[in-house]
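My notebook is open and the model is about to go up on screen. I'll jot down what I look up, one topic at a time.

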Amino acid sequence: FLSPQVVWDMLGNRQFCSYKITTKTQNFCRNEYNLTGLCNRSSCPLANSQYATVREEKGRCYLYMKTIERAPFPRRLWERVLLSKNYEKALEEIDENLIYWPRFIRHKCKQRFTKITQYLIRIRKLTLKRQRKIVPLRRKIERREKRREEKALIAAQLDNAIEKELLERLKQDTYGDIYNFPIHAFDKALQQQEADSESESDAEKEEEDEEADKREFVEADDSDLSDFEDMDKLETSSEEEQEEEEEVEKKASHSKSKGKTPLKGPARRKRPYIEIEYEEETEPGTKTKAA
Amino acid sequence: EKIAAKKKRRKEREALGDKAPPKAVPKTIENQRVYDETTVDPNDEEVAFDEATDEFAPYFNRQTVPKILITTSDRPRGRTVRFCEQLSTVIPNSHVYYRRGLALKRIIPQCIARDFTDLIVINEDRKIPNGLVLSHLPDGPTAHFRMSSVRLRKEIKRKGKEPTEHVPEVILNNFTTRLGHSVGRMFASLFPHDPQFIGRQVATFHNQRDYIFFRFHRYIFKSEKKVGIQELGPRFTLKLRSLQKGTFDSKFGEYEWIHKRREMDMNRRKFHL
């Protein structure tokens with residue numbers, strides 16, 4: 001015949017209780033009928049022959065009670081009472097069911113019931129708000145996608161594509177007159193270059209005059225023979241767009257040249273107004289040629 | 001043996017000299033791509049008519065100026081926040097607002113009331129942005145992308161400065177099919193119509209095998225045939241997951257296109273964008 005005192009002596013401190021969890025500061029009780037969750041002499045459902053708990057199932061709260069009379073009948077041990085949905089009424093029901101019971105159990109039951117109703121309210125509120133849907137990642141698919149992306153990146157050759165597109169747009173004159181690459185002049189100059197150097201410069205000057213009067217640099221030109229070598233390099237750019245060499249937008253080119261091209265002293269001095277963007281090696285040469 | 005065969009072929013070619021047959025074109029996935037019936041022909045009238053009357057018509061007719069709202073999912077982490085800021089510098093006339101647990105369904109009418117034309121939501125997972133929802137606001141299509149390999153500005157190897165306030169140009173590459181066309185128009189409608197060439201900035205959306213790569217560069221023309229580009233600004237890749245007809249609505253929306261993994265990933269040569 002097992003008195004609760006003996007049970008507690010055994011399970012509580014000395015021997016093994018499978019519901020007991022020990023941590024550094026406290027002992028917990030995993031028993032589902034436990035009222036407080038801690039492992040105490042007064043909260044152990046095994047070690048007290050008169051015990052009560054409040055538990056909830058599917059949103060409804062029940063009061064479970066255990067008395068000494070039913071101790072030999074484990075099946076009928078716990079008596080269940082449904083509590084009303086109304087908070088105050090349920091508290092009264094607890095009181096009238098646990099009348100003449102120890103204060104501790106009554107108090108703890110009501111506390112537990114309060115906590116449970118609070119979290120039930122919270123659940124109901126949260127389900128109304130937006131729910132975050134958790135979608136599992138599939139490792140094989142993730143890996144496959146990553147691999148395909150890498151291959152696509154390599155196949156894309158983005159830099160080349162962008163450069164090509166930009167050059168296309170330049171060709172089709174979408175930029176207007178911001179940039180001017182007077183290839184026309186170069187071509188003609190190149191042809192004349194083969195004939196005679198001096199007559200070449202004259203011809204160029206004539207062309208210049210024909211094309212644009214606004215060119216301020218015409219007078220400041222020098223045609224250096226040394227620059228003819230540079231002209232050859234530009235031969236490749238023969239078929240390029242035909243720029244109307246009317247306006248030189250100083251501002252645009254100014255800003256650009258400041259950004260990227262390093263200033264070439266003598267060339268700049270000669271022609272402060274024209275900003276023609278060339279490859280840097282040929283810059284002074286082409287400039288003088290164009291003039 | 002492959003090397004031996006190659007050598008032999010090369011010797012034959014050299015031996016033949018001028019009479020050698022032209023080099024064989026290597027097979028690439030792009031070459032072998034399964035022909036998609038919805039590929040848009042530039043002269044297609046139906047498509048042209050469609051595009052004149054769909055939801056982007058006001059933009060392309062210059063009736064509306066794009067105004068973008070960028071936001072994230074709940075509780076964005078540092079990386080996502082920084083990415084949002086950088087994105088807002090790339091896209092002119094865009095504003096970043098924190099989500100703070102607001103329901104999208106409720107902020108959409110507010111956005112429309114305040115004249116926003118587009119909404120971008122960047123979804124986050126484990127501290128990195130991994131999804132993008134782009135929704136054209138006055139009742140426009142909503143596209144949901146999966147975002148990957150996001151690089152912030154400081155992670156890109158370059159020595160350039162910040163992007164300026166100039167309106168960048170837009171390059172849309174390789175959007176061939178009908179679906180790709182609509183997605184491309186969606187991207188185009190994010191940016192104002194008239195790029196400021198002074199700024200010399202270009203935003204590129206390049207579609208390759210259904211992956212859309214976004215890059216932001218500054219270009220400079222060194223000569224007629226040479227252009228230099230310098231990457232500034234964030235970069236990311238997108239993969240389209242679904243396209244919805246109306247604004248964002250996950251339950252009742254009418255889906256124009258969903259990525260069905262089973263069917264669509266089976267064939268390696270078939271792409272949809």
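How many bridges pair strand β5 (residues 142–151) of chain B with β10(B), and in which sense, parallel or antiparallel? I looked it up: the two strands pair in the antiparallel sense, over 8 bridges.

Ground rules before I go on. This is a predicted model, where local features need pLDDT of at least 70, side-chain atom pairs count only at pLDDT 80 or more, and totals for chains, interfaces and linings use all residues. Residues are numbered from 1 along each chain as its sequence is written, chains are lettered from A and ligands numbered from 1 in the order in which they are written, and side-chain values use heavy atoms, with hydrogens and water left out.

**Entry: around β10 of chain B**

Helices (H or I, at least four residues) and strands (E, at least two) are DSSP runs, numbered from the N terminus. Two strands pair if DSSP finds at least two bridges between them. Strands of a sheet pair through backbone hydrogen bonds, either parallel or antiparallel.

Is strand β10 (residues 235–244) of chain B mostly covered or mostly open? Mostly covered: 8 of its 10 residues are buried. Buried means under 20% relative accessible area, exposed over 50%, and partly exposed in between (1.4 Å probe, protein chains only).

I went back to B:Lys239, and its charged end sits over the ring of B:Tyr211, 5.5 Å from the centre. My cut-off for that is NZ of Lys or CZ of Arg within 6 Å of the ring centre and within 35 degrees of the ring normal. Chain A has one of these too: the charged end of A:Arg80 is over the ring of A:Tyr62, 4.1 Å from its centre.

**Entry: aromatic rings**

How many aromatic pairs does the structure hold over all chains? I got 12. Rings of Phe, Tyr and Trp (its six-membered ring) pair if their centres lie within 6.5 Å; planes under 30 degrees apart count as stacked, over 60 as edge-to-face and the rest as tilted.

I checked A:Tyr33 and A:Trp78: the ring centres are 4.1 Å apart and the planes are at 5 degrees, so this pair is stacked. The two residues are 45 apart in the chain, with A:Tyr33 in the loop between β2 (27–29) and β3 (51–57) of chain A and A:Trp78 in strand β5 (residues 78–82) of chain A. Both A:Tyr33 and A:Trp78 are buried.

B:Phe187 is in helix α6 (residues 178–188) of chain B and B:Phe205 in strand β7 (residues 201–208) of chain B, so the pair ties together parts 18 residues apart in sequence. B:Phe187 and B:Phe205 are both buried. They also belong to one aromatic cluster, whose members include B:Phe83, B:Phe145 and B:Phe236.

**Entry: chain A**

I counted 11 helices and 5 strands in chain A, and 38% of its 291 residues count as buried.

What is the strand order in the open sheet of 3 strands in chain A? It's β3-β4-β5, with antiparallel pairing. The edge strands are β3 and β5 of chain A, each pairing on one side only. Between β3(A) and strand β4 (residues 60–66) of chain A I found 7 bridges; A:Ala52, for one, has A:Met65 in β4(A) as its bridge partner.

B:Arg200 isn't a glycine, yet it has a positive phi of about 60 degrees. I found B:Arg200 in the loop between α6 and β7 of chain B, buried at a relative accessible area of 8%. B:Asp210, also not a glycine, has a positive phi near 75 degrees. B:Asp210 is in the loop between β7 and β8 of chain B and is buried, at 10%.
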